[in-house]
Amino acid sequence: MEKKFLIVGHGLTGCVLAFNFLRRNIPFKIIGQYQPGEASLISSGLITPVTGRKYVKSWMIDEFIEAAIEFYSWTETLFGKQFFFPVEIIRFISHPEAQIAWDKRSKDEEYSKYISTKRLESLDRLDRPYGILTGAHRLDAFEWMNAARAFLEEKGLLEYGESKIPDGENDNSITIFATGAIGELQSKGIIPNKGEALIAKMSEWKFPAIVKEEVFFIPLHEEHLFWVGSYYEPWPSNPDPSIEGKQQLMKAILEVYDGPLVVVDHVAGIRATVEDRRPLVGRIPGHSRNYLFNGMGTKGTSLAPYWANQLVNHLSDGHILPAIVDPSRY
């Protein structure tokens, strides 16, 4: 009997997994349930190839970006609209050690795709050391999620409701839990981590690209409107935006911007992070026909396309998943 695949969770990871089944004509159904604290709908959607104060390449970023470009481009063709864009990120260099690290990366062939030698006159006039990261991308996560859900619902592949773990001996179905941090937690490795962001109008913002200071400043489609975040809180007591989160984000804004400021919205979402910062992809320990596709954390936009492809390969062709993402490590 042909296996039947059920995906539980219609956030970013669940939808990415669903479309990987769809493009291979593998029968599946996805079940979603709206809950407060959904991280996918408020995500920045940013894929940053080089991170941290030492400008280090993210884990497996070359493979992840390649998979993300291919996957999101394919869905854009399917939806008839663009959601995925190449972007540049301005990094101001605030201390001598950072300048040494930047200069080192600039000479490293392994970083040549991501460390730009480009200069901008508007930034040069500030007389403030900076560098520009290239090769980054941004998914308009809110719009992509809405398009993905609408498409799946129209095809009769997305339903809304709750699902329990089926594990009957005669059941040939496979259930994959992509429930994030606010659904059924199937692993001790998952740490719920609330992220908060402000949607702010800053009419005198001068910088011509995404800026990374203490937080990210990401231009949105509406003129002078920015996504500013994120403030993180592990093991949050509730999914709502907090006073402390807003205070910290406002402080970060005022350190680099002193013009007119209007806070349009304050949003929050709870991400499923993992202690070792590696996702959970594979069979749930103790369950013969139930799998996890979870723990993508703040990098779901980049990780989900690659690992969804790997999981579908495993389920359809017996491809072996690497131990580094095996849920049994917890």
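Which residues of the largest nonpolar core touch the most other members? Among its 71 residues, these are Phe21, Trp144, Ile176 and Phe293. A nonpolar core is here a set of buried Ala, Val, Leu, Ile, Met, Phe, Trp, Tyr and Cys residues joined through side-chain atoms within 4.5 Å. Buried stands for under 20% relative accessible area, exposed for over 50%, and partly exposed for values in between, with a 1.4 Å probe and protein chains only. In soluble globular proteins, nonpolar side chains tend to be buried together. A second, separate core has 22 residues, including Leu198, Phe207, Val211 and Ala252.

The structure is a predicted model, in which local features need pLDDT of at least 70 and side-chain atom pairs count only at pLDDT 80 or more, while totals for chains, interfaces and linings use all residues. Residues are numbered from 1 along each chain as its sequence is written, and side-chain values use heavy atoms, with hydrogens and water left out. The predictor's confidence in each residue, pLDDT, runs from 0 to 100. Its mean over the protein chain is 91, and 95% of the residues reach 70 or more. Confidence is highest in helix H2, at a mean of 98, and lowest in helix H4 (residues 121–124), at 85. Where pLDDT is low, the predicted coordinates should not be read in detail. Helices (H or I, at least four residues) and strands (E, at least two) are DSSP runs, numbered from the N terminus.

Helix H1 has 12 residues and spans residues 12–23. From its first C-alpha to its last it reaches 17 Å, close to the expected 16 Å; the expected span is 1.5 Å times one less than the number of residues. The helix is mostly covered, with 10 of its 12 residues buried. Among the buried residues of H1 are Leu12, Cys15, Val16, Phe19 and Phe21. Just after H1, Asn25 takes a positive phi of about 60°.

Phe21 is one of the buried residues of H1. Trp144 is in contact (heavy atoms within 4.5 Å) with Leu12, Cys15 and Val16, and also with Phe71, Tyr72, Thr75, Phe79, Phe83 and Leu139, leaving aside neighbours within four places in sequence.

A pair of aromatic rings is described by the distance of the centres and the angle of the planes. Rings of Phe, Tyr and Trp (its six-membered ring) pair if their centres lie within 6.5 Å; planes under 30 degrees apart count as stacked, over 60 as edge-to-face and the rest as tilted. A search of the whole structure finds 26 such pairs. In one of them, Phe19 and Trp74 have ring centres 6.3 Å apart and planes at 75°, so the pair is edge-to-face. Phe19 belongs to H1 and Trp74 to H2, so the pair ties together parts 55 residues apart in sequence. Phe19 is buried, at 0% relative accessible area, whereas Trp74 is partly exposed, at 22%. The pair of Tyr306 and Trp307 is also edge-to-face, because the ring centres are 4.9 Å apart and the planes lie at 85°. Tyr306 counts as buried at 18%, and Trp307 is buried at 1%. Ring pairs also link Phe19, Phe71, Tyr72, Trp74, Phe79, Phe83, Phe84, Trp144 and Phe151 into a cluster.

A charge sits over a ring if NZ of Lys or CZ of Arg is within 6 Å of the ring centre and within 35 degrees of the ring normal. The charged end of Arg23 sits over the ring of Trp74, 4.3 Å from its centre. Arg119 lies over the face of Tyr130, at 4.0 Å from the ring centre.

Helix H7 (residues 300–317) holds Thr301, which is buried at 4% relative accessibility. Not counting residues up to four places away in sequence, Thr301 touches Leu12, Ser43, Gly45, Ile47, Ala68, Tyr72 and Leu139. Glu66, in helix H2 (residues 61–79), is exposed at 60%.

Most residues other than glycine have a negative phi, and most peptide bonds are trans. A cis peptide bond joins Gly229 and Ser230, with omega about 20°; Ser230 is in strand S14 (residues 225–234). His224, in the loop between strand S13 (216–219) and S14, has a positive phi of about 70° and is partly exposed at 32%. Trp235, in the loop between S14 and helix H6 (243–254), has a positive phi of about 50° and is exposed at 58%.
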